[in-house]
Amino acid sequence: MTPSVSFQTSNFIRDIVLEDLKAKKYDSRVHTRFPPEPNGYLHIGHAKSICLNFGLAAEFGGLCNLRFDDTNPTKEEIEYVESIKEDVRWLGFDWGDRLFYASDYFEQMYQYAVQLIKDGKAYVCDLSADEIREYRGTLTEPGKDSPYRTRSIEENLDLFYRMRKGEFEEGSRVLRAKIDMASGNLNMRDPVIYRILKAEHHRTGNKWCIYPIYDFAHCISDSIEGITHSICTLEFEDHRPLYDWFLNELNVYHPQQIEFARLNLSHTVLSKRRLVELVEQRYVTGWDDPRIPTLSGLRRRGYTPETIQNFCERIGVAKRNSMVDMALLEHCLREDLNKSAPRVMAVLRPLRVVIDNYPENQVEELEAINNPEDFGMGTRKVPFSRVLYIEQEDFREDPPKQFFRLAPGREVRLRYAYFIKCVGVVKDEQTGEVVELHCTYDPKTRGGDSPDGRKVKATLHWVSAAHAIKAEVCLYDHLFVKENPGDEKDGRDFKSFLNPKSLEILTSCRVEPSLAGAVPGSRYQFERLGYFCVDSVDSSDGALIFNRTVTLRDTWAKIEKSQK
RNA sequence: UGGGGCGUAGACAAAUGGCAAGUCAGGAGACUUUGGAUCUCCCAUCUGGAGGUUCGAAUCCUCCCGCCCCAGCCA
């Protein structure tokens with residue numbers, strides 16, 4: 001449970017823990033938990049919570065439990081618990097032997113509910129769901145007492161027991177806490193704590209037909225596990241009085257609930273509802289589509305756990321609702337990959353180049369550095385020959401101002417190879433499209449330096465046509481064109497902001513031969529283009545498929561854009 | 001019109017009555033065999049607003065304004 005990223009700034013939760021430690025509260029223990037409901041895939045918003053909870057525990061020599069909040073059998077599935085475990089592990093955290101389920105505590109919770117009844121603090125209510133809503137009142141008007149509120153303890157005990165036995169229909173009765181129907185906090189107006197659900201639970205099977213509601217189950221689970229700091233998101237702030245009420249009435253160990261603002265990321269969506277919609281309605285290919293911010297999607301896209309941990313540390317933890325710029329996530333990504341990804345040359349949109357004065361059948365093996373940020377990663381050989389491919393966008397017949405790359409009559413460097421000069425342009429007679437370039441090379445510039453000290457303004461990447469491997473490359477862009485697609489004011493549905501260019505598939509790419517056999521999931525920097533990883537689902541030895549994780553910063557693109 | 005929160009730069013975010021950190025974005029320059037990386041500099045006379053307390057206020061007090069959450073037998 002050692003986080004590979006260390007903290008740099010303080011946040012209010014860390015401050016609370018520090019104060020508690022100083023005051024020797026909770027016997028100086030720090031024990032947190034990450035409590036997902038197994039009803040969906042984890043996304044980067046969950047990562048913020050995971051990093052916070054596990055990170056705090058690690059920082060202060062404490063413990064963090066993984067606990068599934070599985071109190072609603074109608075929505076939860078085993079598939080999700082497996083994916084959640086995998087994602088937490090992948091992110092870099094270890095819950096040791098502390099994998100728990102709220103359902104582990106169902107019997108204890110039942111006993112606690114009985115205790116509340118015996119103390120006159122809970123009652124069985126026969127009102128229908130609609131009636132309960134009516135009796136609850138509104139935001140500005142108090143509710144009114146249920147006619148069943150004054151049932152005797154004996155009757156309540158009997159009815160609750162029979163609810164458990166399955167004698168009643170779903171929806172016919174619930175157990176409610178007896179608190180205050182006039183409270184300004186709606187959660188305190190005699191909240192339901194048990195409902196009848198005749199559904200099979202993924203862990204307890206058909207043992208139960210009554211299930212506790214979140215508010216009751218969560219605080220008790222925290223209490224049983226000896227949690228010290230129960231960290232959750234802002235929308236539960238209103239539930240804290242209830243969390244405290246149950247634990248006080250039950251007179252049991254009492255953790256403290258602390259709320260923080262959930263993550264919002266620009267140009268994407270992080271709500272479970274919207275993610276489900278994108279997946280189920282096939283706007284994306286699945287939960288691991290590289291364009292969505294699920295952990296499985298980010299993983300397939302080529303993100304590293306370190307990047308995500310680092311990002312989560314940088315965004316901080318506060319109570320203010322905010323929207324983090326995707327550019328920050330991408331910055332963390334580039335920072336990480338720049339240090340670790342081996343460099344390689346790949347041409348996405350090939351333009352054929354013939355070196356007229358290069359011997360027809362000659363092949364040279366030129367030495368290339370694997371990572372200029374880390375010479376320990378060594379060097380490799382790349383083949384050079386008479387016919388090459390360069391990137392289409394690296395040539396302009398009529399170069400605009402500040403375009404330093406190849407143009408008729410202009411000399412540039414081919415990385416690790418030679419200076420070449422463009423001496424001829426072949427066009428398609430029909431379309432006028434440039435289909436081939438003729439160049440000459442200067443043999444004295446082998447390796448890329450000229451003995452006479454003459455300079456070139458650009459260095460291009462290239463591959464040898466005869467040696468390159470064909471590959472497919474998926475180019476990804478933001479899934480949404482709008483910064484906050486979740487803002488559906490004006491009546492626009494979030495899906496209307498989908499970016500039609502979020503995926504572009506290039507099928508005629510050429511990559512250098514060293515990439516033969518590249519293993520799925522491995523990451524590379526394609527020089528001058530960006531970071532790419534071998535797709536872990538669709539790629540194979542015979543047909544390499546790369547996902548573009550993120551582009552390199554592109555100063556030229558910025559200049560070009562400002563020229564328009 | 002009830003209850004609970006939150007307002008510091010384009011985006012995040014520190015500061016704990018002592019003179020507005022840091023990061024991203026943006027701008028300028030240096031360097032460069034990746035227009036990458038790296039380095040340097042610039043980017044809040046000011047903390048939603050107005051008053052007040054104080055030698056001193058983003059921090060304390062008062063009033064005002066704005067934004068978010070809550071009326072599931074979801075979590």
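## Strand β18 and its partners

In strand β18, Glu436 is the bridge partner of Val426, and Glu436 is likewise the bridge partner of Arg352. Two strands are taken to pair if DSSP finds at least two bridges between them, and the elements are DSSP runs numbered from the N terminus, with helices (H or I) of at least four residues and strands (E) of at least two. In the hairpin of β17 and β18, six residues lie between the strands, and Gly432 takes a positive phi near 80°.

## Basis of the description

The model is a predicted one, in which local features need pLDDT of at least 70 and side-chain atom pairs count only at pLDDT 80 or more, whereas totals for chains, interfaces and linings use all residues. Residues are numbered from 1 along each chain as its sequence is written, chains are lettered from A and ligands numbered from 1 in the order in which they are written, and side-chain values use heavy atoms, with hydrogens and water left out.

## The four-stranded sheet

An open sheet is formed by four strands in the order β4-β5-β6-β7, with antiparallel pairing. Its edge strands, each pairing on one side only, are β4 (122-125) and β7 (210-212), and the twist from one strand to the next averages 20°. Four bridges connect β4 with strand β5 (residues 174-177) in the antiparallel sense, and Val124 stands opposite Leu175 in β5.

Helix α6 (residues 153-165) lies across β4, β5, β6 (192-196) and β7, and runs at about 60° to β4; axes are lines fitted to C-alpha atoms, for helices over the stretch in contact (heavy atoms within 4.5 Å), and angles run from 0 to 180 degrees between N-to-C directions.

## Surroundings of RNA strand B

RNA strand B is surrounded by 71 residues, the closest being Arg320, Met323, Gly447, Gln525 and Thr555, where a residue is near if one of its heavy atoms lies within 4 Å. Of the atoms of RNA strand B that come within 4 Å of the protein, sugar and phosphate account for 64%.

A backbone N or O atom of Met323 lies 2.5 Å from a phosphate oxygen of RNA strand B, and a polar side-chain atom of Arg343 lies 2.5 Å from a base oxygen. The elements that give two or more residues to this surface are α5 (129-136), β6, α11 (305-315), α12 (326-340) and α13 (555-563).

Note on methods: Polar contact = N/O pair within 3.5 Å; in protein donor to acceptor, adjacent residues only side chain to side chain.
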